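Try each task yourself before you read its solution.

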Amino acid sequence: MIKLTAFHIKVLAAVFMVIDHVYHILMPNLVILNYIGRLSFPLFAWLVAEGEKHTRDIYRYGSRLLIAAIISQPIYTIVFRKSFLNILFTLLIGLIMLRLIRRYPRLSQQIPMVGLCALIAEIFRCEYGAYGIGVIFLMSLTDKLKPAIWALYWCILHLVAVVGSMNSLGQNLAIFAGIIVFQFNGKQGRRARWFYAFYPGHLLILGLIRHFIFSR
């Protein structure tokens with residue numbers, strides 16, 4: 001299969017995200033778009049996990065996420081008409097979790113940290129909630145576990161999430177994102193910090209399109 005750089009995976013994540021948001025904002029009857037869009041969040045979770053491993057300044061990385069999350073929140077709330085915190089807050093909590101895990105490598109210490117971050121994501125109503133934190137944690141293990149073992153845990157996470165009503169059956173299509181991240185060739189490729197502006201920017205554009213189309 002074709003090997004991908006981190007830049008390629010980021011582009012794919014952005015494309016899948018736009019497809020998903022087109023479904024939610026403009027074409028709610030075209031469910032296939034939502035199914036395709038389910039691949040987006042796991043890819044961004046993997047990118048955050050990779051970013052945590054390779055960043056030279058974790059505080060700067062986290063600050064960028066926080067600033068982008070705060071700027072995006074009013075747009076997110078208006079466009080989606082939801083009271084949830086946007087996905088960037090989920091990624092930020094996941095980033096903090098991963099750095100704590102790095103500092104406290106014992107499993108007996110890691111499990112409570114993951115659980116606490118999952119609880120925080122649920123309490124503050126972050127998009128994807130506890131499920132999202134679980135996805136970020138597992139994505140951080142793609143280079144530590146054998147692919148077959150990782151895939152088993154990945155499937156178990158989605159099975160538990162459905163049984164626990166943490167996500168819909170459609171979200172289980174996110175399982176296929178695992179195939180994409182295992183095509184990573186170990187290279188970063190071109191730098192792309194555009195996502196910090198791309199996330200609120202594309203939401204604003206889609207929201208304006210909806211306004212001009214359906215306000216007539």
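The exercises below concern a predicted model, and each task is followed by a worked solution.

**Exercise 1. The largest pocket**

Find the volume of the largest pocket, the residues closest to its centre and the elements that give two or more residues to its lining.

Solution. 
- Step 1: Start with the volume, which is about 880 Å³ for the largest pocket.
- Step 2: Go to the centre of this pocket; of its 25 lining residues, Lys10, Gly51, Gln188, Arg191 and Arg193 are the closest to that point.
- Step 3: Now look for the elements that give two or more residues to the lining, and you will find helices H1 (6-25), H3 (40-54), H4 (58-80) and H10 (195-214).
- Step 4: Sort the lining by class to get eleven nonpolar, five polar and nine charged residues.

**Exercise 2. The largest cavity**

Determine how many cavities of 30 Å³ or more the structure holds, then describe the lining of the largest cavity.

Solution. 
- Step 1: The structure holds one cavity of 30 Å³ or more.
- Step 2: The space in the largest cavity comes to about 100 Å³.
- Step 3: Residues lining the largest cavity include Phe16, Met17, Asp20 and His21, along with Arg38, Phe41, Glu127 and Tyr199.
- Step 4: By element, H1 and H3 each supply at least two lining residues, and H1 has the largest share with four.
- Step 5: By class, this lining has six nonpolar, three polar and three charged residues.

**Exercise 3. The largest nonpolar core**

Identify the residues with the most contacts inside the largest nonpolar core, and list what Leu88 touches.

Solution. 
- Step 1: The largest nonpolar core has 65 residues, and Leu88 and Leu91 have the most contacts inside it.
- Step 2: Helix H5 (residues 87-103) gives the most to this core, namely ten residues.
- Step 3: Leaving out residues up to four places away in sequence, Leu88 touches Leu65, Ala68, Ala69, Ser72, Phe195 and Tyr199.

**Exercise 4. Leu152**

Solution. 
- Step 1: Locate Leu152 in helix H8 (residues 147-163).
- Step 2: Partly exposed lies between the buried class, under 20%, and the exposed class, over 50%.

Note on methods:
Residues are numbered from 1 along each chain as its sequence is written. This is a predicted model: local features need pLDDT of at least 70, side-chain atom pairs count only at pLDDT 80 or more; totals for chains, interfaces and linings use all residues. Side-chain values use heavy atoms; hydrogens and water are left out. On a 1 Å grid over the protein atoms alone, a cavity is a set of points where a 1.4 Å probe fits but cannot get out, and a pocket is an open set with protein on both sides within 12 Å along at least five of seven lines; lining residues have an atom within 4 Å of a point. Grid points are joined across faces, edges and corners, and a volume is the space filled by probe spheres set on the points. Ala, Val, Leu, Ile, Met, Phe, Trp, Tyr, Cys and Pro count as nonpolar, Asp, Glu, Lys and Arg as charged, and the others, Gly among them, as polar. A nonpolar core is a set of buried Ala, Val, Leu, Ile, Met, Phe, Trp, Tyr and Cys residues joined through side-chain atoms within 4.5 Å. Buried means under 20% relative accessible area, exposed over 50%, partly exposed in between (1.4 Å probe, protein chains only). Contact means heavy atoms within 4.5 Å.
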